[in-house]
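Subject: A structure for you to look at

Hi there,

Here is the structure I promised to pass on. Have a look at it first, and then read my notes below.

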Amino acid sequence: MILHALYDYYQRKSADPDAHMAPPGFEWKEIPFIIEIDVQGNPVQIEDTREGDGKKKRAHAYLVPQGVKKASGVIANLFWDNAEYVLGIDTKGKPERVVAQHEAFVARIESLPTSALSDGGVQAVLRFLKGTDSNALPQYAVWKEIVEINPNLTFRLHGDLELICQRPVVVEAIKSEGSVESKDGFCLVTGENDEIERLHTAIKGVWGAQTSGANIVSFNRDAFSSYGKTQGANAPV
């Protein structure tokens, strides 16, 4: 009953344009730096979105594709991530892992449907990722700090107000994307048959939980998995 009430509340709030509620498939994320590129993929500037002084600096929050759940493996977010994934720069002394991270970031974009890949902004990002001059970025004043703190970055096409991940064709592609690992099932929240999510992103800010976030429900032993069902299939939402 509580989950269903929360579901109904989300539906009401997401329909309110003033609620600042992220639609399905997206989240509000603080992005400290935005790489602005031209249509050829050349960097124009790196925008620092942070405000405040010293350690009190706070980055602006943007509506971006929902982040993936990360553990020890290599898995990339779509159009935004930390500097190791986005730029392939080694900040922790693990060059081989960084190569894999950057390749995963590029591959995630290339996995979008053709309708999105043909978009000029998406093509510009891919040109940047595959052909940018490594000497072009260190010229910017914020570069040293980016290497030091490994912050989240994303992209904007020069002359646009919206981020590239917010372009209409990209938004439609994200909405139409279904998890390749999800299966149809009976949702315990809505009471409807639909695609069941295998994993859910962790929720940060939960009292008593780890700073990395808390899970709504989890199963860490085989005995907790009913009828052999694991992960999301054992608590279908």
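A word on naming before anything else: helices (H or I, at least four residues) and strands (E, at least two) are DSSP runs, numbered from the N terminus. With that in hand, Asn 150 is found in the loop between H6 and E6.

Please keep in mind that this is a predicted model, in which local features need pLDDT of at least 70 and side-chain atom pairs count only at pLDDT 80 or more, while totals for chains, interfaces and linings use all residues. Residues are numbered from 1 along each chain as its sequence is written, and side-chain values use heavy atoms, with hydrogens and water left out.

**The chain as a whole**

The protein chain holds seven helices and eight strands. Its C-alpha atoms fill a box of roughly 55 × 35 × 35 Å along the principal axes. The radius of gyration is taken over C-alpha atoms, and the globule rule is 2.2 Å times the number of residues to the power 0.38. For 237 residues, a compact globule would come out near 18 Å, and the chain has 19 Å, which agrees.

Contact here means heavy atoms within 4.5 Å. Of the contacts between residues at least 6 apart in sequence, 60% join residues at least 24 apart. I call a residue buried under 20% relative accessible area, exposed over 50%, and partly exposed in between (1.4 Å probe, protein chains only). By that rule, buried residues make up 35% of the 237.

**The core and H5**

A nonpolar core is a set of buried Ala, Val, Leu, Ile, Met, Phe, Trp, Tyr and Cys residues joined through side-chain atoms within 4.5 Å. The largest one has 46 residues, of which Ile 37, Phe 79, Leu 87, Ile 109 and Phe 155 touch the most other members. Elements that each supply at least two residues of this core include strand E2 (33–37), helix H3 (95–110), H5 and strand E6 (152–157). H5 gives the most, with six residues.

Helix H5 covers residues 120–131, and its 12 residues reach 16 Å from first C-alpha to last, close to the 16 Å expected at 1.5 Å a residue; the expected span is 1.5 Å times one less than the number of residues. Among its buried residues are Val 122, Val 125 and Phe 128. At the N-terminal end, Asp 119 caps H5, with a side-chain oxygen 2.9 Å from the backbone nitrogen of Gly 121.

**Phe 79**

Phe 79 sits in the loop between E4 and E5. It counts as buried because its relative accessibility is 1%. Its phi is near 70 degrees, a positive value in a residue other than glycine. Not counting residues up to four places away in sequence, Phe 79 touches Val 122 and Val 125, as well as Ile 109 and Phe 155, among others.

Asp 81 lies in strand E5 and is buried, at 2% relative accessibility. Its side chain makes a polar contact of 2.7 Å with the side chain of Lys 70, and one of its side-chain polar atoms lies 2.9 Å from the backbone nitrogen of Asn 77.

Asn 82 is also placed in E5, residues 81–82, and is buried at 16%. The Asn 82 side chain reaches two backbone nitrogens: that of Glu 84 at 3.0 Å and that of Tyr 85 at 3.1 Å. Leaving aside neighbours within four places in sequence, Asn 82 is in contact with residues including Asn 150. Asn 150 is itself buried, at 13%, and has a positive phi of about 50 degrees although it is not a glycine.

**His 158**

Is His 158 buried or partly exposed? At 49% relative accessibility, it counts as partly exposed. His 158 lies in the loop between E6 and H7, and its side chain makes a polar contact of 2.5 Å with that of Glu 36.

Best wishes

Methods
Polar contact = N/O pair within 3.5 Å; in protein donor to acceptor, adjacent residues only side chain to side chain.
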